[in-house]
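Open the model in your viewer and keep the selection tool at hand. The tour makes two stops.

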Amino acid sequence: MKFQAVKGTRDFYPEDMAVRNWILQAWRDVSLRNGFEEYDGPIFEYLDLFKAKSGEGIVSELFHFVDRGDRELAIRPEMTPTLARMICAKAQSLPRPIKWFSVPRVCRAEKPQRGRQREFFQWNADIVGVDDVVADAECILVVLDFFRYVGLTPADCVMKINSRSLLAALLTAKGFAPERHADLYVVLDKRDKLPPEAYAEVLDKVTRSAEERSDLETIVQARGESGLRDLATLGRGNEAAEAEVARLRSLFDTLALMGVGDYCTFDMGVVRGLAYYTGVVFEGFGRAGLQRAICGGGRYDHLLQALGGPPMSGLGFGSSDVVILDLLNDLGRLPASAKVTSRLDYFVIDAEMSLFPVVIELTARLRRAGHGAEFSYRRQAIGKQLKQASTRQAAKAVIVGAEYRDRKALVVKNLATGQQSEVPLDGFPP
Ligand code: HAM
């Protein structure tokens with residue numbers, strides 16, 4: 001019987017692993033330079049943690065199981081409930097501000113398609129305990145800093161920003177009772193994701209009249225500076241709506257100050273499917289090709305309290321290797337450094353079979369001294385060994401031959417330039 005990898009999972013052969021390591025390293029570099037500290041949690045949690053907190057969309061995609069102690073567990077489909085649980089457990093003693101990032105492997109039993117797998121790496125960065133709009137801006141800045149880091153410009157991608165509080169204020173003003181908002185968010189989130197007929201069908205289920213549907217459409221289609229102005233007019237006199245419009249304006253001003261204003265635009269159509277968001281919400285998209293969100297996040301005011309913690313607000317985002325790599329590949333922007341599978345400083349070669357013990361001894365010595373060193377298992381002509389050295393992407397070849405026998409010297413060849421020189425064994429490595 002022949003086995004294949006399960007649908008929606010990926011095998012990482014060395015060349016795939018090089019790309020994966022490159023992207024995880026880029027996430028780490030960017031997070032650290034933006035002042036975030038790394039954390040991690042367990043790969044599975046109690047099922048109830050996600051049932052309570054993630055919202056319908058994610059819960060329907062959970063991989064869950066019962067352990068031998070009859071505990072209902074689930075493999076993490078996202079990181080936010082784990083983060084909230086961890087912070088709740090030590091809320092009093094953690095140094096502030098809490099700016100944490102993580103690069104967990106997560107699983108969702110989604111239908112595999114372009115940009116979506118059932119197992120992926122999800123970069124998360126969150127700021128907890130800071131209500132100020134500057135934290136909203138910083139969270140968006142770190143994603144955009146990463147976009148820049150990998151060469152994605154405002155011509156390649158856009159960050160669409162909205163506020164659930166503004167949406168809530170406008171919905172309430174239009175007569176949609178707050179108890180109905182959660183269901184409305186789930187449906188409005190689908191407006192740009194479903195074909196129009198399918199969207200109309202789900203919209204019918206959560207609305208009661210054509211007038212309600214028309215009110216919703218007026219609100220949710222607003223985008224860009226003019227859209228925000230229209231909503232400001234619609235919300236005039238409503239204290240909550242006015243406060244949220246002012247906060248959004250201040251957010252856009254701060255993002256401009258941070259030099260990333262060109263990536264950002266207001267879009268009421270970004271509602272986000274997850275249940276816990278309460279304030280600013282945002283999603284990044286490629287401008288051409290891939291239609292899937294490349295990142296998504298927002299502010300959650302009640303999540304920690306709902307888990308028994310203190311009343312602390314937080315915000316953050318998630319983004320995955322799958323979508324970023326699809327986008328970079330589409331644009332032909334994956335850098336050469338992402339394709340390097342080995343980091344060998346030296347490839348040690350014997351010019352004569354009798355010198356093989358020297359090769360073994362020298363390779364081991366180089367490794368002990370901290371260098372990447374490799375040699376061929378097969379005794380073969382120098383040309384073939386040199387070829388192997390280039391295939392393995394070694395920086396230099398070290399040839400043990402007549403020079404060694406005659407005067408204890410080695411020939412060191414730079415494989416990039418072809419330059420070679422004789423070096424006394426005593427002074428090697430330099
Ligand atoms: P999310 O929108 O469910 O949010 O996922 C965030 C990002 O993860 C998506 O924009 C997408 O890039 C990626 N993603 C989601 N599902 C898949 C999949 N099946 N395959 C590949 N990539 C995927 C969250 O998970 C929130 N917990 C983010 C967050 C952190 N909010 C606050 N802090």
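What follows is a walk through a predicted model, from the ligand to a pocket.

**Stop one: the ligand**

Thr-80 has a polar side-chain atom 2.7 Å from a nitrogen atom of the ligand. For Gln-122, a polar side-chain atom lies 3.0 Å from an oxygen atom of the ligand. Tyr-277 places a polar side-chain atom 2.6 Å from a nitrogen atom of the ligand. On its own the ligand has 660 Å² of accessible area, and the protein covers 96% of that.

**Stop two: the second largest pocket**

The second largest pocket holds about 390 Å³ of space. Select Tyr-276, Tyr-277, Thr-278, Gly-279 and Asp-301, which are the closest to its centre among the 25 lining residues. The lining divides into eleven nonpolar, six polar and eight charged residues.

Which helix supplies the largest share of this lining? Select helix 11, which gives four residues. Helix 2 (47–53), helix 6 (164–173) and helix 12 (303–306) are among the others that supply at least two each.

Finally, colour domain 1 (11–155 + 287–340) and domain 2 (157–273). Both give residues to the lining, so the second largest pocket lies between them.

Conventions
Residues are numbered from 1 along each chain as its sequence is written. This is a predicted model: local features need pLDDT of at least 70, side-chain atom pairs count only at pLDDT 80 or more; totals for chains, interfaces and linings use all residues. Side-chain values use heavy atoms; hydrogens and water are left out. A polar contact is a pair of N or O atoms within 3.5 Å; within protein, one must be able to donate a hydrogen and the other to accept it, and residues adjacent in sequence count only if both atoms are side-chain atoms. Accessible areas come from the Shrake-Rupley method with a 1.4 Å probe; for residues, only the protein chains shown count as cover. On a 1 Å grid over the protein atoms alone, a cavity is a set of points where a 1.4 Å probe fits but cannot get out, and a pocket is an open set with protein on both sides within 12 Å along at least five of seven lines; lining residues have an atom within 4 Å of a point. Grid points are joined across faces, edges and corners, and a volume is the space filled by probe spheres set on the points. Ala, Val, Leu, Ile, Met, Phe, Trp, Tyr, Cys and Pro count as nonpolar, Asp, Glu, Lys and Arg as charged, and the others, Gly among them, as polar. Domain bounds come from an automatic or database domain assignment.
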